Amino acid sequence: MSIIGLLPHLVNGVALGLLFALLALGFMLILGLMEQINLAHGSLFALGAYFAYAIATPRLPLPPDLLQAWAAAPLGWRFAAAVFVAPVLVAPFGVVLERLMRRTYGRDPLYGLLLTFGAAMVIEELIRIVWGTRDYMLPVPRGISGGFLMLDLVWSTYRFWAAGFAVIAMAVVWLVIERTRFGALVKAGAHDSEIVQALGHDLEKLRVGVFVLGTMMAAVAGVILAPVWGIRPHMGVDAVIPAFVIIVLGGVGSFWGAVLGGLLVGMVVGLAGAYASEWSMLSMYLLLILVVTFRSRGLFGKKSVLEA
Amino acid sequence: MRSGHTVPTLTPVMIAVWAAFATVPLWIEHVGLYQYLGVEVLIFATYALAYNLVLGHSGLPSFGHGAFFGLGAYGFGLAQLNLVPDLWFCLGAAVATASAGGTLVAAFISHRRGIYYSLLTIAFGQVFWFIAIKWHTVTGGEDGLLKIERLPVQLGVATVDLSHNVSLFYFVLAIFVVVSLLLWRLVHSPFGRILRAIKQNETRARFVGYDVWRYKAAVLILSAGLSGLAGGLFAMAQASAFPDVMSLHYSGYIVMMTLVGGGLVTFWGPVLGAIVFLLARDVIGAFTTGWMLWFGMLFVALVIYKPEGLGGMFLRPARTKRPEAT
């Protein structure tokens, strides 16, 4: 295959990579700033997608006339509402999860991982009970759906919009972490929790804040990715695995590591898809194993409590 | 190696566990359950004991053990369908396949600890799972290998047919007895002591002069091989081998079983965990379709309030003095 032939795969790979990075970012926030592995990240991602579906289609427990009025609204509005409201609806799940995890702070990080695995099972089962096991598709407004022709190839319009949205969401997170007082306190708390507490800051509140931010990132990623991957009960597990691959690849606790990891995974999966589409997802794991064999902490990883 | 006390090869608890299992086919149908459940419990108890060699006895949190169980199942099935349909040969193939997989994984991850160990075992677990799903020509893809037979036991002088669940139960019980005896001896041997030292403080164990890497690799390979044995039995019991058992879910289930039962503090904890897990699946499952919802909540509560598991509740405080003799 020539270089020109590979170009579309590469471009799609970059777009996919940005989405992967968005997916991994919430996971990275909780891992990097709280040193907790949140295996329920994927389930929160799935919840975001399901709530978005309920808002956009709409299937909401509302009074009939209100529901009818909402259903009559243009799909663009309903989709936009889903993007912004679904993460807010998922946030309380993050608050509950953080409350449960509090007992595991200071213990072996394995307990946090186990607890969130249990929570993931519970959320996945809840989804099955509420929505059943069938697949759903999140409808995309006409303006950003469909495809277009470029260089004699058909491109999916939504993927580019999704990638653009991912960039915006990542920029917001970066600004929150690097340019606000909240971000500075959280980073300080991760570095030395005792001093931050001694200075009179409520560390518990900060932790809830981080967890909610991570949860909402998961939900946003769920909404944005739902039209691309579809909505089904096990989408959570399907999503959490690439997220953690990206984090380990990029290095635990590194914002740019997560972004670069996402892009790398996206491009490798995209290019592998050009040669053997059946096997493209395998390339992600092989990339991970290859990188961490030579760079044990990933690309930008720092030493952390997780290695003890 | 000299030590403060020696642990007998046979203990009353051990004999009680075996004897209790031996009576199961006599009453299980009278309490409203079915014979096959007993087979399943024993297979998963064997698997959980093998898994606990890594998690409980060496402190290595593998989250991808389903791969080895699955490799064993496929090894058994492929050996039977393509090579020699002989029970001992096929079980040997199951152990060999899983050990080979374990060796490959061990080579990459044995210098890792803690969460990184977990993360890499997840990654390797996914690789094996993915290959099992996609390599249609060998593994049968998502459907898996079908038409695996319950081969008769060739004992030289006699042949025992295993097509009935009761006879299969006693065969699996025999394997369970051998595996539990072997593991009991192993964890109370000098090798087991070094594993415990690595669990407590890997750096110190290294400074004392042990080649920690080699021990960690050996224990993973051994655990993988025995998990593969359980997988081979499972393939025979289910008459098929399918990729599901290699998924992250199933790898998590075995961790759940081991922890719920109390594998971190007692040798027999994983067995208790396998019983509780499968009973919960059937009993809660009889009332509601979402049994994992309730079991998951129980598991979360246990991790929060009683991380040593159900087995930890039965232990007397004396265990702080003699952690080995439980």
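A crossing of two helices is left-handed if the near helix is turned anticlockwise from the far one by less than a right angle, and right-handed if clockwise. Helices here are DSSP runs (H or I, at least four residues), numbered from the N terminus. This is a predicted model: local features need pLDDT of at least 70, side-chain atom pairs count only at pLDDT 80 or more, and totals for chains, interfaces and linings use all residues. Residues are numbered from 1 along each chain as its sequence is written, and chains are lettered from A in the order in which they are written.

Start with one helix pair. The crossing of α11(B) and α12(B) is right-handed. α11(B) and α12(B), residues 269-287, pack at an angle of about 115°, with axes 6 Å apart. Axes are lines fitted to C-alpha atoms over the stretch in contact, and angles run from 0 to 180 degrees between N-to-C directions. So α11(B) is roughly perpendicular to α12(B) (65 to 115 degrees). Among the residues making the contact are B:Tyr253 of α11(B) and B:Phe277 of α12(B).

Now turn to the chain pair. In chain B, 30 residues are in contact with 35 residues of chain A (C-beta atoms, placed from the backbone, within 7 Å). α5(B) gives the largest share of chain B's side, twelve residues.

Definitions and conventions: Two residues are in contact if their C-beta atoms, placed from the backbone, lie within 7 Å. Helices (H or I, at least four residues) and strands (E, at least two) are DSSP runs, numbered from the N terminus. Angles under 35 degrees count as roughly parallel, over 145 as roughly antiparallel, 65 to 115 as roughly perpendicular and the rest as oblique.
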